[in-house]
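These are my notes from a first reading of the structure.

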Amino acid sequence: MSEQAVQEVALRVALERAIARKSDEYDQSARQYAYQLVGTKLDKTQVRGLETLASTTDKVSDITDWLKLRVGRDSGRERWAKEGIGRDLVNELEGLRNDAKKIVQGLSQVDPDLERQVHLRLCREFLKHLAAHFEYLKLER
Amino acid sequence: MSELEYLLKRKQSLASWSDRWQAKAARFADSYRDLLPRRITNAQLYGLGNVVRSAWRYGDIERFIRHQAEKAERAGRLDVQSYWNDLKDALGKLRSEAQTLLKTLPLPSGAGNREDLDELHRELAGLYVQHLIAHSLYWTPAQEESRKGEK
């Protein structure tokens with residue numbers, strides 16, 4: 001294996017570790033959002049839909065646009081717009097960019113798109129926890 | 001660069017561009033927040049979204065927007081006319097963005113032609129409009145609420 005290949009593997013491992021560590025940190029916060037969401041009229045297909053979108057898209061903006069549209073359409077304020085939950089979630093997901101920035105700064109990496117890609121991965125992790133907690137709490141109720 | 005490499009690089013470049021430009025499209029929507037959703041209705045925005053999604057050429061999008069501006073002018077709604085004209089300008093300027101992106105994405109067969117440029121311009125316009133519509137609708141319930149509160 002060449003030196004460059006070894007460096008790439010080491011970088012990939014460091015990146016995965018950093019993302020996994022952050023993912024564990026998000027668990028509690030995602031649980032709080034799930035608590036709030038079970039108090040709305042949302043059902044699991046809608047929350048799972050958001051998780052599926054996050055895991056399949058290559059853009060963070062697709063996730064926040066999806067949420068913005070749902071907040072905007074919820075004129076009865078019973079689902080994504082109830083008590084500002086959707087707006088808080090948009091802000092939360094956009095705020096994960098700071099974590100992505102810190103992770104990338106800790107690596108000797110020159111790919112200018114890496115921060116964005118890590119941000120997307122962090123959004124996926126956060127929403128994965130959120131959807132799992134939501135389904136669990138929904139079942140408990 | 002192989003065809004597959006090109007397609008992957010193109011997809012990544014567009015994703016990166018879209019994420020970068022979301023804030024700019026949101027600023028455009030914010031600058032016209034007073035017109036939403038009464039003067040510029042949700043139905044008009046959905047109409048724009050449908051045209052952008054189904055357009056084959058960038059010219060189709062521009063024609064729709066020009067038509068909206070003309071309708072607003074005939075109805076004496078100059079603020080609405082100004083919205084559509086400004087949107088036409090904002091989307092028109094994306095052509096230079098498409099040109100810049102094309103330079104970083106050399107086609108496997110050689111230099112990009114006019115059709116590639118138009119296709120990319122149409123795609124960028126589609127991404128911009130997606131952000132614009134999402135952000136425009138996003139603030140509508142809050143705005144309606146505060147209007148009700150003022151009454």
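**Entry 1: Chain A**

I read chain A along its sequence and found the pattern α-α-α-α-α. The model is predicted, and I keep that in mind throughout. For chain A I counted five helices and zero strands. I then looked up the extent of its C-alpha trace, which spans about 60 × 30 × 20 Å along the principal axes. Of the 141 residues of chain A, 34% count as buried. I also looked up the contacts in chain A with a separation of 6 or more: 69% of these join residues 24 or more positions apart.

**Entry 2: Confidence**

I noted an ipTM of 0.92 and a pTM of 0.93 for the model. For chain B the mean pLDDT is 90, and 88% of its residues reach 70 or more.

**Entry 3: A helix pair in chain B**

How do helix α1 and helix α6 of chain B pack, and at what angle? I found that α1 (residues 3–31) and α6 (residues 114–138) of chain B pack at about 45°, their axes being 8 Å apart. Therefore I recorded α1(B) as oblique to α6(B). The crossing of α1(B) past α6(B) is right-handed.

I next looked up which residues make the contact. From α1(B) they include B:Leu14, B:Trp17, B:Trp21 and B:Phe28. From α6(B) they include B:Glu123, B:Leu127, B:Tyr128 and B:His131.

Definitions and conventions: Residues numbered from 1 in each chain as written. Chains lettered and ligands numbered in written order. Predicted model: local features only at pLDDT ≥ 70, side-chain atom pairs only at ≥ 80, totals over all residues. Axes fitted to C-alpha atoms, helices over the stretch in contact; angles between N-to-C directions. Helix = DSSP H or I, 4+ residues; strand = E, 2+ residues; numbered from the N terminus. Parallel < 35°, antiparallel > 145°, perpendicular 65-115°, else oblique. Left-handed = near helix turned anticlockwise from the far one by under 90°. Contact = placed C-beta atoms within 7 Å. pLDDT = per-residue confidence, 0-100. Buried ≥ 20, exposed ≤ 12 C-beta atoms within 10 Å, placed from the backbone.
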